[in-house]
Amino acid sequence: MNQKYSLEMRERALRMLDEARADHPNLMTAVRHVAGLLGMSAETLRVWHRRREIDTGHRAGVPTD
């Protein structure tokens, strides 16, 4: 599968999202803000965030591993 974004970009975007959460009233406004700064789709960042929550056990679901 061809990946549009590198693993480093994904990690950077998720770090930025973590930092931006405190400045926004909810997750989606923070997602839209960070995605706009990075020039990516808000949906891409939202999916990455959800996948990280599942993989770390903070959300129910099947982990990537």
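Modeller: Arg 59 is partly exposed, at 34% relative accessible area (buried is under 20%, exposed over 50%, partly exposed in between; 1.4 Å probe, protein chains only). This is a predicted model, where local features need pLDDT of at least 70 and side-chain atom pairs pLDDT 80 or more, while totals for chains, interfaces and linings use all residues. Numbering runs from 1 along each chain as its sequence is written, and side-chain values use heavy atoms, without hydrogens or water.

Arg 59 sits in the segment after helix H3 (42-55) (helices are DSSP runs of H or I, at least four residues, numbered from the N terminus). Beyond residues up to four places away in sequence, Arg 59 touches Arg 50, Glu 53 and Ile 54 (contact means heavy atoms within 4.5 Å). Ala 13 is 46 residues from Arg 59 along the chain. Their C-alpha atoms are 19 Å apart.

Now go to H3 itself. Leu 45 lies in this helix. Leu 45 is buried, because its relative accessibility is 0%. Setting aside neighbours within four places in sequence, its contacts are Ala 13, Leu 14, Leu 17, Val 31, Val 34, Ala 35 and Met 40. Leu 45 and Met 16 are 29 residues apart in sequence. From C-alpha to C-alpha, that pair is 11 Å apart.

His 49 is also in H3. His 49 is buried too, because its relative accessible area is 5%. With residues up to four places away left out, His 49 touches Leu 14, Leu 17, Arg 21 and Leu 27. Look at Leu 17 from its own side. Its contacts beyond four places in sequence are Leu 27, Ala 30, Val 31, Val 34, Leu 45 and His 49.

Next, the largest nonpolar core, which has 14 residues (buried Ala, Val, Leu, Ile, Met, Phe, Trp, Tyr and Cys joined through side-chain atoms within 4.5 Å). Those with the most contacts inside it are Ala 13, Leu 17, Val 34, Leu 38, Met 40, Leu 45 and Trp 48. H1, H2 and H3 each give this core at least two residues.

Take the helix pairs in turn. H1 (residues 7-20) and H2 (residues 27-38) pack at about 135°, with axes 9 Å apart. H1 and H2 are therefore oblique to each other (under 35 degrees is roughly parallel, over 145 roughly antiparallel, 65 to 115 roughly perpendicular, the rest oblique). From H1 come Met 9, Arg 12, Ala 13, Met 16, Leu 17 and Ala 20. They meet Leu 27, Ala 30, Val 31, Val 34, Leu 37 and Leu 38 in H2. The tally is 11 nonpolar, no polar and 1 charged.

H1 and H3 pack at about 85°, with axes 10 Å apart. So H1 is roughly perpendicular to H3. Met 9, Arg 10, Ala 13, Leu 14, Leu 17 and Asp 18 of H1 meet Leu 45, Trp 48, His 49 and Arg 52 of H3. This contact divides into 6 nonpolar, 1 polar and 3 charged residues.

Last, H2 and H3 pack at about 120°, with axes 8 Å apart. H2 and H3 are therefore oblique to each other. H2 brings Leu 27, Met 28, Val 31, Arg 32, Val 34 and Ala 35 to the contact. H3 brings Ala 42, Leu 45, Arg 46 and His 49.

Note on methods:
Axes fitted to C-alpha atoms, helices over the stretch in contact; angles between N-to-C directions. Nonpolar A, V, L, I, M, F, W, Y, C, P; charged D, E, K, R; others polar.
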